[in-house]
Amino acid sequence: MDSQGVSYLNKAALCSRLGAARICQLAMGCAVIAMVTHSAGYSGSHGVFCMAAWCFCFAMSVVVFFLDATRLHSCLPVSWDNLTVTCAACATLMYVTTSVVYPLFFVRSECPYAGCHVRDFRIAVTVCSILGTLAYGVEVVLCRARPGQIVVGYMATVPGLLKVVQSFVACVIFGALANGSQYSLYAATIFCVVVYAFCFALTALVVFMTVCKRTQGVRGMPFDRFVVVFTLLEVLLYLSASVVWPVFCFDTKYGSPWRPSSCPQGKCPWDSKVVVAVFSWVNFCLYAADLMYSQGVRFVSSHAAARSRV
C-alpha cells in the first residue's frame, strides 16, 4: 500500500466481471497451446497461423492482466482503456479465425492414422478456442462505450471497434494479394493495392493516435472531425477499388469469370482474386458504417476530461 492508502495490487483485476473474462482468456489460451503441443498437433501454413495467433493472444493477455493487476500501466505513456479494448477486439477476431480454420483443416469425423485420441484432442482444441473467442468478446462488450456517455476512450466506441475490424480485413486482403493474385499485371489492379495500403495506413494511424493519447487535434482540426474527413476519403477510395478490381480480374477481356479447371487447389490465382474482391466490398461496408456512426461521436480527450472533473 502506498502513501496515499492505495493498494499496490488492483483487486478489480480479479474480483470483477472484466477480471473474470481475462482469467478465462488465460485459461483457454493456455489449454489450447498445451493441447496442440501435446497431442493435437499442427502443420502447414494454416496450422502455423493458428498456433502463432493463439500464442500471440496468450502473450498479450498475460501482459495486459499483469499490468492491470499491478497498476504498472499507469507508468506507460498510453491510454490504457484504448489499448486494452483494441487488444481484446483484435484477439477476438484472431480467435474467430482460428476457430474456423483449425477444425476446417485438422478435424475429421474419422480417426486419423495417429489414433482417435488425436482427433479428440483436436476437437477439444476447437472447443477451447471457441470459448476463448467468447471470453475476448465479453471483454469487448464490457468495455464498449454506452449511448449517452462522454467518450474518452475512442476505441471503445462503435467507430473505434470498426477500425480494428477494418484493419483485420485489410490484413486478409494483403494475404490474398501475396498468394499469387497477379495484381501487377495491370495498372488498375496496382491502383487497388495502393488504395488498400493507403486506407490501412490511415486506419492504423487513427488507432495509434488514440492509444498513444495524441488526440488533441491535428493542425487545428478537432480529432473527431479529422476522423470523419479521412473516413469519407477511405469510403470513396474503397468504393473505387471494389468496382475496379473485379472488372480487371474477371472480365473476359482481362481474365476469366470462371475458375480454370486446371488451377491447383490452394494455389490458384483466381481464388486469391475472389478473396480480394469479396473482402474489398466487406471493408467498403465497414468504412461506410464507420462513417455513419462517426457522425454521432463527440470525442473528449483524456486531458479535457480530467480538467472538467477538477
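A pocket, on a 1 Å grid over the protein atoms alone, is an open set of points with protein on both sides within 12 Å along at least five of seven lines, whereas a cavity is a set of points where a 1.4 Å probe fits but cannot get out; lining residues have an atom within 4 Å of a point. Grid points are joined across faces, edges and corners, and a volume is the space filled by probe spheres set on the points.

The model is predicted, so local features need pLDDT of at least 70 and side-chain atom pairs count only at pLDDT 80 or more, while totals for chains, interfaces and linings use all residues. Residues are numbered from 1 along each chain as its sequence is written, and side-chain values use heavy atoms, with hydrogens and water left out.

**Exercise 1. Describe the fold and the largest pocket, giving the volume of the pocket and the helices that supply its lining.**

Step 1. Begin with the secondary structure, in which helices (H or I, at least four residues) and strands (E, at least two) are DSSP runs numbered from the N terminus. The chain has nine helices and zero strands, and along the sequence this reads as α-α-α-α-α-α-α-α-α.

Step 2. The largest pocket has a volume of about 860 Å³. It is lined by 23 residues, of which His 46, Val 101, Val 172, Ala 176 and Val 275 are the closest to its centre.

Step 3. Helices H2, H3, H5 (158–178) and H8 (269–294) each supply at least two residues of this lining, and H3 gives the most, with seven residues.

**Exercise 2. Find the cavities of 30 Å³ or more, and work out which residues line the largest cavity.**

Step 1. A search of the whole structure finds three cavities of 30 Å³ or more, and the largest cavity holds about 70 Å³ of space.

Step 2. The lining of the largest cavity consists of Arg 22, Gln 25, Met 60, Ser 61, Val 64, Phe 65, Thr 84, Cys 87, Ala 88, Tyr 136 and Glu 139.

Step 3. Helices H1 (17–40), H2 (44–70), H3 (80–106) and H4 (116–143) each contribute at least two residues to this lining, with the largest share, four residues, coming from H2.

Step 4. Sorted by type, the lining of the largest cavity has six nonpolar, three polar and two charged residues.

**Exercise 3. Which partners form salt bridges with Glu 139 and Asp 290, and are Glu 139 and Asp 290 buried or exposed?**

Step 1. A salt bridge is a side-chain nitrogen of Lys or Arg within 4 Å of a carboxyl oxygen of Asp or Glu, and the whole structure has four of them.

Step 2. Glu 139 pairs with Arg 22, the closest N and O atoms being 3.1 Å apart. Because Glu 139 lies in helix H4 and Arg 22 in helix H1, this pair ties together parts that are 117 residues apart in sequence.

Step 3. Buried means under 20% relative accessible area, exposed over 50%, and partly exposed in between (1.4 Å probe, protein chains only). Glu 139 is buried at 2%, and Arg 22, at 4%, counts as buried as well.

Step 4. Asp 290 forms a salt bridge with Lys 163, with 2.5 Å between the closest N and O atoms. Asp 290 lies in helix H8 and Lys 163 in helix H5, so the pair ties together parts that are 127 residues apart in sequence; Asp 290 and Lys 163 are both buried.

Step 5. Salt bridges that share partners also join Arg 22, Asp 68 and Glu 139 into one network.

**Exercise 4. Examine the salt bridge between Arg 119 and Asp 120, and state how accessible Asp 120 is.**

Step 1. The side chains of Arg 119 and Asp 120 meet at 3.3 Å, N to O.

Step 2. Arg 119 is partly exposed, with a relative accessible area of 21%, and Asp 120 is partly exposed too, at 41%.

**Exercise 5. Locate Asn 82 in the fold, and give its distance in space from Cys 143.**

Step 1. Asn 82 is in helix H3 and is buried, with a relative accessible area of 2%.

Step 2. Asn 82 and Cys 143 are 61 residues apart in sequence, while their C-alpha atoms are 9.4 Å apart in space.

Step 3. As a setting for this residue, 43% of the 310 residues of the chain count as buried.

Terms used
Nonpolar A, V, L, I, M, F, W, Y, C, P; charged D, E, K, R; others polar.
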